[in-house]
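The sequence and structure are shown first.

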Amino acid sequence: MSQPQGPASGGSTSVFSRSGLPMGTTIYTLAGALAVEALYPGDRVITRDAGAQVLLDIRRHRVPAGTPMVRVTGDALGGKPTQDTVLPGAQRVLIRDWRAQALYGTPAARVPLSRLVDGEYLRWTDDGPDALLSLHFAHPHIIYANGLELFSAEPVSVDA
C-alpha cells in the first residue's frame, strides 16, 4: 500500500496547482494553532463543515517565479485574515459577510479569491512564495488558515 507523507517527511513535490498555502500559514488543529509546514498526515485539522478531520496527505507545489498571486491584507474580509496572506487567485474562500449578499444574493458564497480583488485590500502581486502546501482529506473541507475559511485541496486516492 502506498503511504501518503507530508513535506517534512519527504512527501511528494509537484508543479503549482490551483490552491495551496504558503509556509507560515497558521492552521487550527486539535493540537492547537500550527504552521502548515509543521503538519503531518494523521494530524486532526479543525474544519468549519465537519469538525476535526484526519489529514491524509500534504503536497508541496513549486510556484514558478512571477506567478500572479492575491495578497489579502490583514482584516480585509470581515476581521480575517489575522495577518497579510498571499494565496493563489484560484484558491476558494468562504465569504459570509456583506460581499456574499451584494455579489451573489446569498448569506454565504464559495468564491475564488481572484473574484474579490479590489486593488486595495485584495490585490494582485507577483511577489509570492516559492512553494505552496496543499492539504488533502478524504473529502474536501473548509479549513481555517490565518483565520480565513479556505477550501482544502481535492481528496487524495490511496492505493489499496
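The model is predicted: local features require pLDDT of at least 70 and side-chain atom pairs pLDDT 80 or more, while totals for chains, interfaces and linings use all residues. Residues are numbered from 1 along each chain as its sequence is written, and side-chain values use heavy atoms, without hydrogens and water.

Strands here are DSSP E runs of at least two residues, numbered from the N terminus, and two of them pair if DSSP finds at least two bridges between them. An open sheet is built from three strands in the order β8-β7-β11, with antiparallel pairing. Its edge strands, β8 (85-88) and β11 (122-125), each pair on one side only.

| Strand | Partner | Bridges | Facing residues |
|---|---|---|---|
| β7 (residues 69-72) | β8 | four | Arginine 71 and valine 86 |
| β9 (residues 92-95) | β10 | four | Isoleucine 95 and alanine 109 |

Buried denotes under 20% relative accessible area (1.4 Å probe, protein chains only).

Phenylalanine 137 lies in the loop between β12 (131-136) and β13 (142-145). Phenylalanine 137 counts as buried because its relative accessibility is 1%. Beyond neighbours within four places in sequence, its contacts (heavy atoms within 4.5 Å) include Val45, Leu55, Ile143 and Pro155. The C-alpha atoms of phenylalanine 137 and isoleucine 58 are 9.2 Å apart, with 79 residues separating the two along the chain.

Conventions
Buried means under 20% relative accessible area, exposed over 50%, partly exposed in between (1.4 Å probe, protein chains only).
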